[in-house]
Structure formats: C-alpha cells, structure tokens
Amino acid sequence: MTSPSNYITSALVLVLFSTTLLGFGSSSTHNSNHDFLECLTVQLQSSNSATDAIYSPSNATYASLLLTQNLRPGSTTPNKPLLIFTPFYDHEIRAAIHCSKKLGLQIRVRSGGHDYEGLSSTSRNNPFVVVDLRNLRTVTISADEKTAWVQVGATLGQLYHTLAQKSRTLAFTAGVCPTVGVGGHFSGGGYGMMSRKHAIAADNVVDARVMNADGKIFDRRSMGEDLFWAIRGGGGTSFGIVLAFKVNLVTVPETVTVFNVTRTSEQNATQLVHRWQYIADKVDDNLLLRLFLRSVTSPVTGNRTVIASFTTLYLGGVKDLLPLMKQQFPELGLVEQDCTEMSWIESILFFAGLQNQPLDILLNRTTPSTVFFKGKSDYVTEPIPVDGLQGIWRFLHEEAENRAELQFSPYGGVLSSFSESETPFPHRSGNIFMIHYGVSWDSQGNQEAEKHVSWMRRLYGYMATYVSKSPRAAYFNYRDLDLGINNAGNTSYGQASVWGLKYFKNNFKRLVRVKTKVDPSNFFRNEQSVPSLYSS
C-alpha cells in the first residue's frame, strides 16, 4: 500500500477549497459540499493526514473514480456524490463518519463498485458522499495456519494473486470476476466455482474488523456473535463499515480440470439442460457444472438458436473426471479432448476469460467492460419442464444476439450441510440451482433502458411458475430494487420485509434485531438496507 504524504500545507488546502467550489451549481449543494470539505479537512489536519484523497466533481479523477461496472444506475439516478473520499487509514474513515453525522449527510461505502443497483455510488434521494475503500487493500496470508486477513478494498483478483505467490495448493472459495471487491462480495455471500466443495466466501469468514457509527472498531470477540453473524451474508453496509475479514483458506489439488462444452438447440441442448437439472446438485462434491444460456444465430440454419455452455471445474485430474461424467452425466458425451488440466490459479484466469494472460492481470482493478445492465435472480427447487425451458428460449430470442444470458449455478454438496439460519445467507438444502438473469445494452437513454428492463421483468414474471415460492427467493449479491425499496428516511419492518424476506427468508427478523442494537439511529442506510426498529 502506498502511503500519502503526511505533510499538509495551507496552500494545498486553499487550492482544494477553490477547485471544489467550482464544481457545484445550487446553493444547497454548494453549502453541503463546502461544509463537509471544511470539516473533513480539519479532521485530517488534526491527525496529520493528507487531503489529496478528497475528490470533487471538478477534479479530473472524480469521473474515473465514479465509474462502475454497470452504467445503468448512474444514468437513471440524478444524484451524484458531493465528494469521493479514498482513505488510507482507519482514523481517516472515522473522520468521514464524524463529518457525515455532524452535517447530516449520508455515507455510501464502496469497495469494488460492482453493486448491481449502484448503491455504493448513487442515491435516489439525499445528498451523500462516497467513502471508497480501494486504498485499504492489504492481503496477509498465514500459510501455516491456512488463514488470511483481507482488507475490504482488495479485489478477488488480488486475493487470488497473493495466494498464488504463496502456494500452489492454497486457495479461497469465492467468485470468478477478479475486479469484484472483497467487501461487498464476502458480506453478501460469495458463490463461486468451488462452492459445492468448500461453500461460499461468507461461510469461511472467521473474524472481522468493523467500525460503528461512533467510529469505534470491533473484532469478533468485542462485537459479539450477533453482529458477526449479520455481516456474513447479510451485507456489511447496514451495520457499520467492515474494514477487513479474516478467512479460512482451503486446500486444493495441484492439478484441477476445466472444460467448457457447448451445445446448440440443434445439438440437443434443450434435452441436455433438462437432464442437467436432475444431476447438477447431486454429482460429486468436487465437480461443479455451471450452465450459461444465450441466443445466437445458428451457423447451420441461419436462424436464432439457443447455445448452452456447460462450464465446469473439477478438483482433480481428467482421468478421475471422465468416469465420473460417464456415470453421472453421460448424455453430455464428454471426452478427454474437451478437458484441460491446470493449476487452480490458472483456472481462475480460465473462468474470467483471461486464459493465456499473465498472472499479474489479476491485480488490475479496471472493469473489463462498462455497459448498461440489469440483473435478477431466482432459486429453483423442482426441475423446469421442457416446455418451460422452451418458453425461456423464446424470451432469449427476443433480445439481440448474445445480449441476454441466463446462468444456472448448481447448489447441493456442502452447501446443503448448513442450516438456513447458520448465517443470514439462507439458500441451502432443497435448492437445485440458482438462476442469474442478465441483459446488457450499449446505448444511453431512458427509452433504451426501459425496453430492456421491461423485457427482463416480463421474463421474470414468466418464471414465477418454475421457481421458489413463499417467499420467491433472491440472492443479495445480485441486488434488485424491483423487489422493493426503502423510504428516503426511515423504513418500517413491514415495508422492508417485502424485499428482505426474499433475500434472507426468516433470517431477516434477526438482521433487523441486530441492526436495531448496533445502529439504532439508522446512520448506515441505503435503498435496501436493513431497518432499525427504533427509527422506523
């Protein structure tokens, strides 16, 4: 981590004030910005910290810091942050909390910028500032203990890269996108290609450091088991600012096997997808068969066809994988030529679409592509019949080629060994797979956005027959404001439970009790934060 200069000159402060004031038009925004900047500058000066980590809209770096993976929320939400603050140290975060409380401004906390609804960088209602934790990104590995302390501003790619420098067989179970920030991913769950064997990221968190609304820092022992439970799947930003997680690492074989076998409708894709539903959650725990579904133009007929990609990780060699596949999913017709043996870290590059790239590419925080995007999620507990799948295909054909995609992510394995209440993440036994719906587009404008979002909502409505019910479950890390939204100020339990029960089932009640205990004034809040009973 690079440390900023500890020397502050009066000239730097004057320049900072003068350039910031140029960036705002309205007097209310002007005053809020000026007051927060003045307060934060005084706080930083008192602790001998530099002020060059504060960015206003007039600063050239502001726009690049605000850039997120998904352009849709920022294009449809009028409010942008008054300032973006990128602290290096805990006491600097404490200063931001102090000024926010003093001036009545909201804080939005960001680690990687991948929130599906942009809640770490946008707001529908109130003036706010962003505390961007990208500079808190130290990863400390204890190979002997098989643990790691990971600051929340680190990305998954940085964590994986650091592990690879230490050992060929030490790994961590989390997602495939290397630019995702640890903070949101771990605190919301963290499904990945090893989850059937080693569970989700939140299941492997054993300690944490959390700052509350008074600026006090707690570890697991001092925060108590209720708060520690809540931040492992319930989202961290409702309860405080998580600074770092301690996780248990997992041991993987020196050699793993991957394959990506594709089949079109003409190659029996519909029947294969139908059959996949009966085995995906029951195969060997070392095997995770993920399914990606898109609509493309058939090179054979020239018409639109569905292409199913069976994207797979096996924790072992190909000689062990082939007989397993022949026994458990012979219909796919897997052969040795379809498979590639590699190290676990090479599989990270493979699943991120970065094969043949140098390992250091995992250290890149830059989002590979920025598009307008809408996502949703569902859980499936009974196989979808063939006619149901064919209905999905018709929806996929409505969108432009390769613009819409469904991911079927299998459950079962060790995921089923946890009770629904062990962590706030309730999606355990009984789920065959999770569906991720995604659609993307390139053109800005409300009309274009409405066209694709409307398509997504119609598909979601169609799927109601085939997915979980009472509640219709959803994955918190695939955040979806269509499920419900809080008031601008305080929100009742009844209103928040409309979306909260979908993400957390009965765990939502306990999350509300924890929130009421640790943040009774509802300081940490957003459009889908857990409410406090005292402030509702």
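Trainee: How many bridges pair E16 with strand E18, and in which sense?
Mentor: This is a predicted model, to be clear. E16 and E18 (residues 433-441) pair over 9 bridges, in the antiparallel sense. Gly375 stands opposite Gly438 in E18.

Trainee: What sheet is that, and what's the strand order?
Mentor: An open sheet of 7 strands, with antiparallel pairing. The order is E15-E12-E14-E13-E17-E18-E16. E15 (339-342) and E16 (372-380) each have a single partner strand, so one side of each has no neighbour in the sheet. The twist averages 15 degrees from one strand to the next.

Trainee: Which strands does helix H14 lie across?
Mentor: H14 (residues 386-398) lies across E13 (287-297), E14 (304-314) and E17 (404-410). The helix runs at about 110 degrees to E14.

Trainee: Where is Glu382 found? Buried or exposed?
Mentor: Glu382 is in the loop between E16 and H14. Its relative accessible area is 56%, and exposed means over 50%, so Glu382 counts as exposed.

Trainee: What is it in contact with, leaving aside neighbours within four places in sequence?
Mentor: Glu382 is in contact with Ile432 and Tyr466.

Trainee: New topic. What span should helix H5 have?
Mentor: H5 (residues 90-103) has 14 residues and should span 20 Å at 1.5 Å a residue. Its end C-alpha atoms are 20 Å apart, which agrees.

Trainee: Which H5 residues are buried?
Mentor: Among them are Glu92, Ile93 and Cys99.

Trainee: And what follows H5?
Mentor: Gly104, with a positive phi near 70 degrees.

Definitions and conventions:
Residues numbered from 1 in each chain as written. Predicted model: local features only at pLDDT ≥ 70, side-chain atom pairs only at ≥ 80, totals over all residues. Heavy atoms only, no water. Pairing = 2+ DSSP bridges. Helix = DSSP H or I, 4+ residues; strand = E, 2+ residues; numbered from the N terminus. Axes fitted to C-alpha atoms, helices over the stretch in contact; angles between N-to-C directions. Contact = heavy atoms within 4.5 Å. Expected span 1.5 Å × (residues − 1). Buried < 20%, exposed > 50% of the residue type's maximum accessible area, 1.4 Å probe, protein only.
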